[in-house]
Amino acid sequence: MKRIKYACLEQTIHFHLKDDVTSTAGIAELKEELNAYKATLERKRIKYKVVEESSQPDGSIILKIKKQYNTYDCGDYLVV
């Protein structure tokens, strides 16, 4: 019999500008969307760790994140 002891996801999420939005307004909207995503993780009590957050030349944001999978323990993956 096997059991999962620890589970963690590593994701790369690309928050990109919409086609019909100007860059100044679009960048502010992207930052708001990113903060809303992080707030959702907090609200759902999902453990996470931001590995890297980088702004791209076109104004988009790439977020590399490790987060808890379901309600499994994360072991040493998410030492916060």
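**Close-up 1. Lysine 64 and glutamate 52 form a salt bridge in this predicted model.** The closest N and O atoms of lysine 64 and glutamate 52 are 4.0 Å apart. Lysine 64 belongs to strand β3 (residues 61-68) and glutamate 52 to strand β2, so that the pair, 12 residues apart, links distant parts of the chain. Lysine 64 is partly exposed, having a relative accessible area of 32%, and glutamate 52 is likewise partly exposed, with a value of 38%.

**Close-up 2. Lysine 38 pairs with glutamate 53 in a salt bridge.** Side chains of opposite charge can pair when their charged atoms come close. Here the closest N and O atoms of lysine 38 and glutamate 53 are 2.9 Å apart. Because lysine 38 lies in helix α1 (residues 23-43) while glutamate 53 lies in strand β2 (residues 48-55), the pair ties together parts that are 15 residues apart in sequence. Lysine 38 counts as buried, since its relative accessibility is 19% and the limit for burial is under 20%, whereas glutamate 53 is partly exposed at 42%. The structure holds 2 salt bridges in total.

**Close-up 3. Isoleucine 62 is found in strand β3.** This residue counts as partly exposed, with a relative accessibility of 22%. When its neighbours within four places in sequence are left aside, isoleucine 62 is in contact with Thr12, Ile13, His14, Glu52, Glu53, Ser54 and Gln56. Threonine 12 stands 50 residues away from isoleucine 62 along the chain, yet the C-alpha atoms of these two residues are separated by 6.9 Å.

Conventions. Residues are numbered from 1 along each chain as its sequence is written. This is a predicted model: local features need pLDDT of at least 70, side-chain atom pairs count only at pLDDT 80 or more; totals for chains, interfaces and linings use all residues. Side-chain values use heavy atoms; hydrogens and water are left out. A salt bridge is a side-chain nitrogen of Lys or Arg within 4 Å of a carboxyl oxygen of Asp or Glu. Helices (H or I, at least four residues) and strands (E, at least two) are DSSP runs, numbered from the N terminus. Buried means under 20% relative accessible area, exposed over 50%, partly exposed in between (1.4 Å probe, protein chains only). Contact means heavy atoms within 4.5 Å.
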